[in-house]
Amino acid sequence: MTAPKLQSNMAGWPPESTVFPVSRIDLAVLPGEHPFHLSELEAARENWMKEIAANPALFDGRMIFQHRLSLADGVVKGEAYVTPFSTFLWWRKQRERGGFHVFAFAVAVSSDGAIIAIRMAPHTANPGQVYCAAGSMDENDIVDGHCDVEGNMRREVLEETGLDLNEAAAEPGYYATHANRSVTLFRVFRFPWTAEEMLRRIEAHMLVAEEDEIDGAIAIRSADPTAHRYNVAMLPILAWFFGEAE
């Protein structure tokens, strides 16, 4: 097997908004600063001032931001740097160069076949958007110099919903979809509770959670893209999941 060559574009990847299987994930985190961060430092700072003026609750934490990516023989391989969130927000407004956003969804499925998603609170960077409980990978998700994708999913789902992925049956294998230089890695986790029971558990967690990033949970039972204000990354996953179920 030829080793995949890391790229600065998505040439050779499947078409945008399609779902494809992933055999292995290898996302290295390098020391130093992301080249985009270094080249756009002043512009990112100016944009951050505008962002926090509009939303003072935003926090400029540090996240893992990909520099190069490749896909070959089902292997997603990348090189990333730990980068300020403010730099990512500036990149997100253009997306034409400099990086890729790779994040992971644990697709939580109830015993009666619904996908359980969350709606983001108004003070977050994605206010009102509906998607699977998730968060960008950060320094907590680095193990031996690489991104621990499943560890990120377990941590984010537990923090946001109180659900423990250890109590779910993980379906074998990962899948991915991409659009506009953002790559969503996802895996299906089937819980032993009905959608109603899962929503009650999440509501109880929201009452005691230290973070208040979400303002509700939703049971999704169809691929209808207009049913909620979905994050764009959800749409191909819903089409794939409910298409498979039919």
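Start with the largest nonpolar core: of its 64 residues, select Leu27, Phe105, Val107, Ile115, Phe191 and Ile220, which touch the most other members. The model on screen is a predicted one. Now colour strand β5, residues 101-109. This strand gives the core its largest share, eight residues. As a general point, nonpolar side chains in soluble globular proteins tend to be buried together.

Move on to strand β11, residues 174-179, and pick out Ala176 within the strand. Is Ala176 buried or exposed? Its relative accessibility is 0%, so Ala176 counts as buried. Show its surroundings, leaving aside neighbours within four places in sequence: Ala176 is in contact with Thr18, Val19, Phe20 and Val22, and also with Thr184, Leu185 and Phe186. Then draw a distance from Ala176 to Phe105. The two residues are 71 residues apart along the chain, and 9.6 Å separates their C-alpha atoms.

Now turn to two helices: α4 (residues 149-161) and α5 (residues 195-208). Their axes come within 7 Å and cross at roughly 75°. That angle makes α4 roughly perpendicular to α5. To see the contact, display Leu158, Glu159, Glu160 and Thr161 on α4, together with Arg201, Ile202 and His205 on α5. By type, the residues of this contact are two nonpolar, two polar and three charged.

The next stops are salt bridges. In general, side chains of opposite charge can pair when their charged atoms come close. How many salt bridges are found in the whole structure? The search finds 14.

For one of them, select Arg187 and Glu150. Their side chains meet in a salt bridge, with an N to O distance of 2.8 Å. Arg187 belongs to strand β12 (residues 182-190) and Glu150 to helix α4, so this pair ties together parts 37 residues apart in sequence. Check the accessibility of each partner. Arg187 has 16% relative accessibility and therefore counts as buried. Glu150 is buried too, with a relative accessible area of 18%.

Remain on α4 and select Glu159 and Arg155. These side chains also meet in a salt bridge, at 3.7 Å from N to O. Why are Glu159 and Arg155 separated by about one helical turn? Because they are four residues apart in helix α4. The accessibility of Glu159 is 38%, so this residue counts as partly exposed. Arg155, by contrast, is buried, with a relative accessible area of 18%.

Together with Arg155, Glu156 and Glu159, they are linked in a network of salt bridges. Glu159 is also one of the α4 residues in the contact with α5.

Definitions and conventions
Residues are numbered from 1 along each chain as its sequence is written. This is a predicted model: local features need pLDDT of at least 70, side-chain atom pairs count only at pLDDT 80 or more; totals for chains, interfaces and linings use all residues. Side-chain values use heavy atoms; hydrogens and water are left out. Axes are lines fitted to C-alpha atoms, for helices over the stretch in contact, and angles run from 0 to 180 degrees between N-to-C directions. Angles under 35 degrees count as roughly parallel, over 145 as roughly antiparallel, 65 to 115 as roughly perpendicular and the rest as oblique. Contact means heavy atoms within 4.5 Å. Ala, Val, Leu, Ile, Met, Phe, Trp, Tyr, Cys and Pro count as nonpolar, Asp, Glu, Lys and Arg as charged, and the others, Gly among them, as polar. A salt bridge is a side-chain nitrogen of Lys or Arg within 4 Å of a carboxyl oxygen of Asp or Glu. Buried means under 20% relative accessible area, exposed over 50%, partly exposed in between (1.4 Å probe, protein chains only). A nonpolar core is a set of buried Ala, Val, Leu, Ile, Met, Phe, Trp, Tyr and Cys residues joined through side-chain atoms within 4.5 Å.
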